[in-house]
Amino acid sequence: MSGYSAEHGAYLRRLRRRRQGVALCRGLVLLLFFGLWELGARLAWFDPFILSSPSRVLGTLGRLWGEGRLLMHVGVTLYETVMGFLIGTGLGIFLAVVLWWLPFLNRVLDPYLVVLNALPKIALGPVLIVWIGAGVGSIIVMAVLVSLVVTTVTVLSGFTAATEEKQFLMRTLGATKGQTFLKVVLPAGVPHMMSALKISVGMSWVGVIVGEYLVSKSGLGYLIVYGGQVFKLDLVMASVVLLCLLAALMYGAVALLEGRVRGK
Amino acid sequence: MGKALLNVDHVYLRYHTPQGETEALRDLCFRVEKGAFVAVVGPSGCGKTTVLSLIMGLNAPSAGEVTFPQGPCPMGYMLQRDNLLEWRTVEKNALLGLEVQHRLTDQSRKKTVALLKKYGLGDFLHSLPGELSGGMRQKAALIRTLALEPELLLLDEPFSALDYQTRLTLADEVLSIIKAEGKTALLVTHDIGEAVSMADRVLVFSDRPARLKREIPIDFPADLSALGRRETPAFQAYFGRIWKELRA
């Protein structure tokens, strides 16, 4: 650990202290948020019936756990989201590849893609219910719809990160179109693909929760709607807190994947 | 001079864009003999690069033909920018062409690595291109081209993206590499000094549409390097002559 000057040592310590400071403050923000929330409820700064409180949230979660329903609701929502995410990004990347491969098709479909990207996919909810039925299927399709177009658009724009000149280079080396794609266009597009995945994770959650609002009999989105209808704000808040946790976890998993791909 | 390796025979080429058509080449004729180093100079935008695409077979002429009298000739293309892939190591970049052509064997890999080592990139085999200087990157790009064992090298302004000093030393090195490997070369450049210091024949092209204006043989002792040539009085004389031809 030696081999550097005292000045460099001081610099490293300063860096470490800065990092620890950031981590500490992050923790404090969280603590302060929940602390004030709890305190406000106890001291009746606001009506805990409307805003709930951390202890009531915990109590609700405990009760759901006790009834054995917590894991079921979480499981349903998680399943729908993961499926929506996987299908949405898989299909989205596949479409992007096809559109890169066939510039003619790309130009034909371009305005439609723009419209689809701008369209609030939620507007299609009632149509989905009629077509697919009120169930898990509709919810997953909703999540796919929400994440699909944005993935295609982002990944496709990533493919243009490989310059014309690099593609010309491949031609001078005698590469086929497939080889140019695999060796130059795809690797050049990886950073864009990763950011597409990150966007897509968030989008899948949006799609699933909206889907559950519309049709479901279980899941966190269902709990939120149900809680709102019967004025059990504790249930709503508990579900939202759970959602925060799950979304953060899934985002973390994608970020981890990105780190591995980059590190390779 | 040996027999013609490449024959450009009354070639015409027109480009078509929605805005109109452009005549790039008009009745262009020249040949390149085996083992020769031919340089093409001309005003910028005159269609010099187009000639290389034609020879490479990536474009078809509107009329006339490009022939190889001694049968098909393996060619290598070197671009102005190195276009090394940032996510591949120097070694893997150099092997790209072999990979693409499914010619990557233990033997061809060893040969390429030996080339990298021979020309001063031995310490950087496993570095990423980002860690190399501009001159070294361009040298790696040359070896990527040489790895395919081309007979004819097409050099498309390979030094113009470099700073002046690097340009001079790299031109010197590249010339000696090409001579040492016994390759034939066709260099396209707008730099008269570069052409005179490397080539044994300079083709002066006219403004667009490009025609062959003049063919000037360059005569220096065979063992004189590119930098050595620049120090002779004859260099200045050739330079002046080509300069006049271009302006005429």
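In this predicted model, the contact between the two chains draws 13 residues from chain A and 12 residues from chain B. On the chain B side, helix 3 (residues 96-100) supplies the largest share, three residues.

Within chain A, a pair of helices can be followed next. Two packed helices are described by the angle between their axes and the distance between the axes. For helix 7 (residues 136-159) and helix 9 (residues 177-215) of chain A, the axes come within 7 Å and cross at roughly 160 degrees. Angles over 145 degrees count as roughly antiparallel, so helix 7 of chain A is roughly antiparallel to helix 9 of chain A. The contact of helix 7 with helix 9 in chain A is made by 17 nonpolar residues, 13 polar residues and one charged residue. The crossing of these two helices of chain A is right-handed.

The largest has 109 residues, and the members that touch the most others in it are Leu154(B), Leu187(B) and Val202(B). Helix 7 of chain A gives this core its largest share, 16 residues. Val202(B) can be examined through its contacts, leaving aside neighbours within four places in sequence: these are Ala39(B), Val41(B), Ala195(B), Val196(B), Ile216(B), Ile218(B) and Ile242(B). Another core, of 12 residues, lies apart from the largest one, and its members include Ile224(A), Val236(A), Met237(A) and Leu243(A).

Technical notes:
Residues are numbered from 1 along each chain as its sequence is written. Chains are lettered from A and ligands numbered from 1 in the order in which they are written. This is a predicted model: local features need pLDDT of at least 70, side-chain atom pairs count only at pLDDT 80 or more; totals for chains, interfaces and linings use all residues. Axes are lines fitted to C-alpha atoms, for helices over the stretch in contact, and angles run from 0 to 180 degrees between N-to-C directions. Helices (H or I, at least four residues) and strands (E, at least two) are DSSP runs, numbered from the N terminus. Angles under 35 degrees count as roughly parallel, over 145 as roughly antiparallel, 65 to 115 as roughly perpendicular and the rest as oblique. A crossing is left-handed if the near helix is turned anticlockwise from the far one by less than a right angle, and right-handed if clockwise. Ala, Val, Leu, Ile, Met, Phe, Trp, Tyr, Cys and Pro count as nonpolar, Asp, Glu, Lys and Arg as charged, and the others, Gly among them, as polar. A nonpolar core is a set of buried Ala, Val, Leu, Ile, Met, Phe, Trp, Tyr and Cys residues joined through C-beta atoms within 7 Å. A residue is buried if 20 or more other C-beta atoms lie within 10 Å of its own, exposed if 12 or fewer, and partly exposed in between; C-beta atoms are placed from the backbone. Two residues are in contact if their C-beta atoms, placed from the backbone, lie within 7 Å.
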